[in-house]
Amino acid sequence: AYNNTTYLVSAIEDNTFYGCDSLTDVSIGNNVSKIGSSAFYGCSNLHSVTLGSGLTSPHYVGRGAFLGCNSLIAPIHNSYVLLRMPTTYQGKYTLPNVKYVCNNAFDQCYGIDTIVIPNGIMGIQSYAFSNCACRVVYLDAINCGVSSVYVYGSGDVYGGYFNYTPLKEVIVGDSVHTIHELFRGCGQLQKLTLGKGVTEIKKQAFVNCSSLTDIYCRCVQAPQITFFSTGNEQSFNTFYNVPYSTCTLHIPCDGSGYNNDNGWKFQTKERYVIYEVSAQSSDTSRGHVTIVEEPYCYGNTSKVKIQAIPQNGFHFSRWNNGSTENPITVTLTHDTTIYAFFEEGNVGILGNPYNDSHCIYTQGGRIYVDGVKQELIRVFDMVGRCIGDGSDSLQAGIYFVKIGNHPARKVVVIR
């Protein structure tokens, strides 16, 4: 009220409370839809701000509205916009459930070293993260309906979002499809990981990221790189001023489209496995599983070698994919979990099943073969020496059993 008259406040104009160091608490009503530049600048003792629902867009927030408010104890935000972070926050911070991050929101947040941008964030204003100590960014935000991150520009719409930060690493989540100009000009950025879902990288997205040393692409099909015309010359500009000669491009074993004509002009390209593997036992009291060879590229495919090892009194039976081969080499086309099943008894059959009536098992150090009809049985050790027909007691180890003209089978003897 003013002179006994109550007024409906709809806007807080520029510099309204500039330097009011006696101001400690503020409640901004639901009717306020605009806050001007430097409206609360330098309110050094301001502890808390309650923000009503009327402010719905960063377009109506002036630059530096809450700069210098270094006594805040909680973020200033409603369900639409994040205006300001306390400068005292430390470590990793996940953005709240808002749609937009306003300019200067993280200015002087020197304790925050990691920022997570979750799904639901639709826009980020220029200079939102400038002058903070952020070193790592996890980008998981997608714009519902178009599956992209839209960078909200105010003034300089082409960058400045992470200006004056020591940003070293960016990890783009698998749900993100399109990357806009969020990281333009991040001159200290060294490592970039692109998620499996990225299909397009807009022009200027990583312009002047001149310290990049490694780009890890988890997308099998190379994302489309946007280019533009400058005068009479067409040039790709997504990675303009990125050192193509020293930055290594890591692409999936089965990746395609990462060629110079598509804008991926990096001189060093290395393939790597992008799929996760989990090898487990269906019952750890019966046996365990080990990865014999870590996932590797074999040509343009990804493979991993896994072995099932039974406990005493049990034998390997099969994998959850139906195979009885052990060790087994699996071709990876997606994240894979493979289980080994074990059964009672010291039977150690390892190898593919065959369409015959032979059953091989071990007991007491001897190899037994059922279903043989006047066929020669020979047992070989690991170096290929024939050591008999299996009737003699054998030491624990791996052997090969040859029955007539049938393919040899690998057998494990467990003592």
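In what order do the strands of the open sheet of 4 strands run? I looked this up first, in a predicted model. The order is E5-E6-E8-E10, and the pairing is mixed. I then checked the edges. Strand E5 (76-77) and strand E10 (123-124) sit there, each pairing on one side only.

**Entry: the E6 and E8 pair**

I followed strand E6 (residues 81-84) to strand E8 (residues 100-101). The two run parallel, and 2 bridges join them. I also noted a facing pair: leucine 82 stands opposite valine 101 in E8.

**Entry: cavities**

I searched the whole structure for cavities of 30 Å³ or more and found 1. The volume of the largest cavity is about 70 Å³. Which residues line the largest cavity? I listed Val61, Gly62, Gly64, Ala65, Phe66, Leu67, Leu83, Arg84, Asn103 and Asn104. Sorted by class, this lining has 5 nonpolar, 4 polar and 1 charged residues. Leu83 and Arg84 in the lining fall within strand E6, which spans residues 81-84.

**Entry: nonpolar cores**

How many residues does the largest nonpolar core have? I read off 53, with Phe106 and Trp264 making the most contacts inside this core. At least two residues each come from strand E9 (112-117), strand E11 (136-139), strand E12 (169-172), strand E14 (191-194), strand E16 (214-217) and strand E20 (248-252). E9 gives the most, with 3 residues. I also found a second, separate core of 23 residues. Among its members are Leu23, Val26, Ile35 and Val49.

Terms used. Residues numbered from 1 in each chain as written. Predicted model: local features only at pLDDT ≥ 70, side-chain atom pairs only at ≥ 80, totals over all residues. Heavy atoms only, no water. 1 Å grid on protein atoms, 1.4 Å probe; cavity = no way out; pocket = protein on both sides within 12 Å on 5 of 7 lines; lining within 4 Å. Points joined across faces, edges and corners; volume = space filled by probe spheres on them. Nonpolar A, V, L, I, M, F, W, Y, C, P; charged D, E, K, R; others polar. Pairing = 2+ DSSP bridges. Core = buried A, V, L, I, M, F, W, Y, C linked by side-chain atoms within 4.5 Å. Buried < 20%, exposed > 50% of the residue type's maximum accessible area, 1.4 Å probe, protein only.
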